[in-house]
Amino acid sequence: MLKNALRTCLAGVALLSSTVSVAQADPVKLDYYLPQDVQYDPAVPTPEEALGYQVGEWHVRHDQIVQYMYQLAESSDRITIEETGRTHEQRPLLLLTITSPDNQKNIDAVREQHLAAADPNRDADDDTPLVLYMGYSIHGDESSGSNAALLFAYYLAAAQNPALDKALQDTVVLLDPSLNPDGLARFAQWANQHRSKNLVADPQSREHVQPFVRGRVNHYWFDLNRDWLLLQHPESQARIANFQKWKPNVLTDFHEMGTNSTFFFQPGIPSRKNPLTPDENVRLTEILAAAHADSLDNLGNLYYTEESFDDFYYGKGSTYPDIQGAVGVLFEQASSRGHLQDSVNGEVSFPFTIRNQFITSLSTLYGAHANKKRFIDFQERVYDDAMEAGDDANFDGYLIGANDVNRLSGLVELLKQHGIDGYRVERDVETNNKRFKAGLSYFIPAEQAQYGLIQAIFSTRKDFPDNTFYDVSGWTLPMAFNTQFTTYRGRISLDDTAWNAPQRDAVSINANAYALAFDWYDYKAPAMLQALLEQGVHARQSYKPLHLPTLNGKTANLSAGSVVVTRAYQNQDWSNVVAAVKNIAEQQNVTVYSVKTGLTPKGIDLGSRSIQPVKQPSVMMLTGDGVNLYEAGEAWYYLDRHVGLPLSMVDTDRISRVDLNRYSHIILVDGSYYTLSDGEIARLTDWVRQGGVLIGQQGGAEWMSRHGLLYTQFVEDKTFSDAFSTAGLTYKDRDSYYAQRRIAGAIFQMDIDPQNPLMFGFPHRSMPVFKDELNAMEAPQSPFVSVAQYSDQPLLSGYADKRNQAVLAGKTNIAAHRLGEGRVIGFADNVNFRAFFWGTAKLLSNAIYLAPAIEAYADPIKDKAAADEAAAAH
């Protein structure tokens, strides 16, 4: 019955052979894409009428998508349109709500009726509408999706078809035509500006080879398809707000893959499903897969399922819905990455890739509608089961807490956006050797509809039935924010309103103060300091803890690294300084203490040489060839958005022409830096020796080690490989062997030296760090150079083979020392992974603002010899 219905809807689409080419000389017509057994409302403009060219002839720009979608909404009573947010580059994020005209007249009531299926306190009925969230091209250079969205929107607006009328009477389609407008705009410009009249299929031609900043990523070079759970970007925040507002039954995620592939749709590899995802989710995915297969069979096109991709990480678009009573479906189309490209299967044309995405959009709509009751029942059952499981759990909920209001607020805001309920703790709670302070802690009840997602967010699972992961294996959010958390059972005093803001003692700023001070422990302290420096305020940073008598009669006990603003040395009126401090403190939500006198009850006084002036930093980061695009974007994002520090970005092929003396700090994120010549390396070395600060992460730090800048020796690859025996392995063991060898995006514990300047503001002796690469440093021979090392039992969450853990245990992952008049700092890990690891992100600020406090020297014989030996071996 389903196949017959689909064939009726798709009748009139010309059957093709499995050859994927489309004649270059003749641009395709609209009937190449659309079913031809139905009439189309002539009052609704076609894409060609709006764009001036046929879909697939050029890559559509985002502004053209916006223009056309508004035209459709104006011409069709099936469509309403809204702007749900703006990208970093201020492009509008659109959502089209498409359903029958009758439903449109009562759309709020329709939504409420649908939400009954996701509410354990209500019951869905036979009339409960189905909701589909259709999202396209979250990777901007996988643009066949967004171009197909033009056709799908037109079909839904204009097709005069009884089957469509029935589907729209029972269904609300939420259509997001471009999940990554900034990336799509970048790629469309690239592909179009290199398009020839006679299309060039050569994969090596410039059209098919994007430069360093590809269209895949958003403005800050992030992969937005890893941000569904982490919500660090406005595109993701708007998308999840829509998801939680509507709680759809199906969510589609249209992508592209390598040109030599065919077409993939889920289900993916069966053994790589997250254990928390219900099995019924897979069965419903298989039902939709049958619909996709039928529609593609009609065209004679090739496709496959279950051979690749997984459904484990809930931060991806096709997996995020799976724990929330919905079915996420990933589509991967072989990419033309331009207008026409050679492949092992023949020439892949842009129109061909668009048609596959359009056809499977139709099969999603009709396949889901044909099984509407089953999808509704599944959603209702998932949320009912979640409430029951939460009630049956051997604990009442989770406690989270932190003394740092800003880190805690960041985690709270994230949880709130996912529709999770939590309540502020009103009395101190001590449990499991942890103390959760009133006003600075929250209780998240287990018995709530989002219990499944809560389990995923708080999971510290380390053992898995299948150890092969497409993405990360651990993402425990309280660990990422370095907040305390634990399960809790028992009575507890709570605020009545969900997610009221954290509370701390209010401290007013007094203009008569001898000095003003704030603690470096606060996540926003670097932003506060940077803003003061930019306003010309003289600020001083303490290299020892401070105990300051305040005007309110109390003593403020501040950590090393804390900032003092004194009356002395200011080049402007004190009243202006006080006003600046007060204004910035309010913006950054940082507590500032009014100091009564420079004479302290214990420890150093405010005139101590251990309190030094802070110079405004001038920071450069190498980008371009040989540099990890994602990690560079993460560093840029943190310094720009979280610290407010202007970051100069210089491509590696320009370094020889750049005046290095403009910069106080240079950052080398993960990368190979293979383009740097001996002369450029010598210039960089001289710059450090004359007083510059060189900061390296992962491959950047290893490059510094190989070239004699960082006097540490990285663990050799052979040490890791020797830990794994290959005896007796057969070819079928290949995937398993390599899966065991890698670190699958896990959270490790590192033990730190809290007295080291790089660790100022991190008071505990251990903390979580994200690890996704097999790299670490041998313990330096010189004392005081090792700043942190992996714990003896390092794995906290996610997958890492015990043999890799054994190699890494005790190894150094942060090192720092002087080199001439300058400093070098190496991180074996990405301290700002995907911008959600707030717990370690401030280490990059410490490397910038507190570098002058680093006084350790590496042994010029022992450690240099080890570095030289490593360089020679390389």
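## An aromatic pair and its surroundings

Phe833 is buried, with a relative accessible area of 7%, and Phe836 is likewise buried, at 2%. In this predicted model, the ring centres of Phe833 and Phe836 lie 6.3 Å apart with their planes at 65°, so the two rings form an edge-to-face pair.

A search of the whole structure finds 42 aromatic pairs. Another of them is formed by Trp520 and Tyr849, whose ring centres are 6.2 Å apart and whose planes stand at 70°, so this pair is edge-to-face as well. Trp520 counts as buried at 0% relative accessibility, and Tyr849 counts as buried at 4%. Elsewhere, Phe312, Tyr313, Tyr314, Phe464, Phe469, Trp475 and Tyr799 make up one aromatic cluster.

## Charges over rings

Strand S3 covers residues 92-98, and seven of its seven residues are buried, so the strand is largely enclosed by the rest of the structure. Pro92, Leu94, Leu96 and Ile98 point one way from S3, while Leu93, Leu95 and Thr97 point the other way.

Strand S2 (residues 79-86) pairs with S3 in the antiparallel sense over seven bridges, and within this pairing Glu83 has Leu94 as its bridge partner. The two strands form a hairpin with five residues between them, and Gln90 in the turn has a positive phi of about 70°. S3 is also joined to strand S6 (residues 171-176) by three bridges, again antiparallel, with Thr97 standing opposite Leu174 in S6.

## The buried side of helix H5

In helix H5 (residues 107-115), the buried residues are Ile107, Val110, Arg111, His114 and Leu115. These residues cover an arc of only 135° around the axis, which puts them on the same side of H5. They pack against S3, helix H4 (101-105), strand S4 (130-136), S6, helix H9 (234-246) and helix H12 (372-392).

## Salt bridges

The structure holds 35 salt bridges. One of them joins Arg374 to Glu280, with the closest N and O atoms 2.9 Å apart. Arg374 lies in helix H12 and Glu280 in helix H10 (residues 279-299), so the pair ties together parts that are 94 residues apart in sequence. Arg374 is partly exposed, with a relative accessible area of 36%, whereas Glu280 is buried, with a relative accessible area of 11%.

A salt bridge also forms between Arg823 and Glu855, where the closest N and O atoms are 3.6 Å apart. Arg823 lies in strand S34 (residues 822-827) and Glu855 in the loop between helix H24 (838-849) and helix H25 (862-873), so this pair ties together parts that are 32 residues apart in sequence. Arg823 counts as buried at 10% relative accessibility, while Glu855 is partly exposed at 48%. For Glu426 and Arg424, which form a further salt bridge, the closest N and O atoms are 3.1 Å apart; Glu426 is partly exposed at 33%, and Arg424 is buried at 7%. Finally, Glu142, Arg216, Asp223, Arg226, Asp471 and Arg834 are linked in a network of salt bridges.

Key:
Residues numbered from 1 in each chain as written. Predicted model: local features only at pLDDT ≥ 70, side-chain atom pairs only at ≥ 80, totals over all residues. Heavy atoms only, no water. Buried < 20%, exposed > 50% of the residue type's maximum accessible area, 1.4 Å probe, protein only. Helix = DSSP H or I, 4+ residues; strand = E, 2+ residues; numbered from the N terminus. Pairing = 2+ DSSP bridges. Arc of directions from axis to C-beta. Contact = heavy atoms within 4.5 Å. Salt bridge = Lys/Arg side-chain N within 4 Å of Asp/Glu carboxyl O. Phe/Tyr/Trp six-rings, centres within 6.5 Å; stacked < 30°, edge-to-face > 60°.
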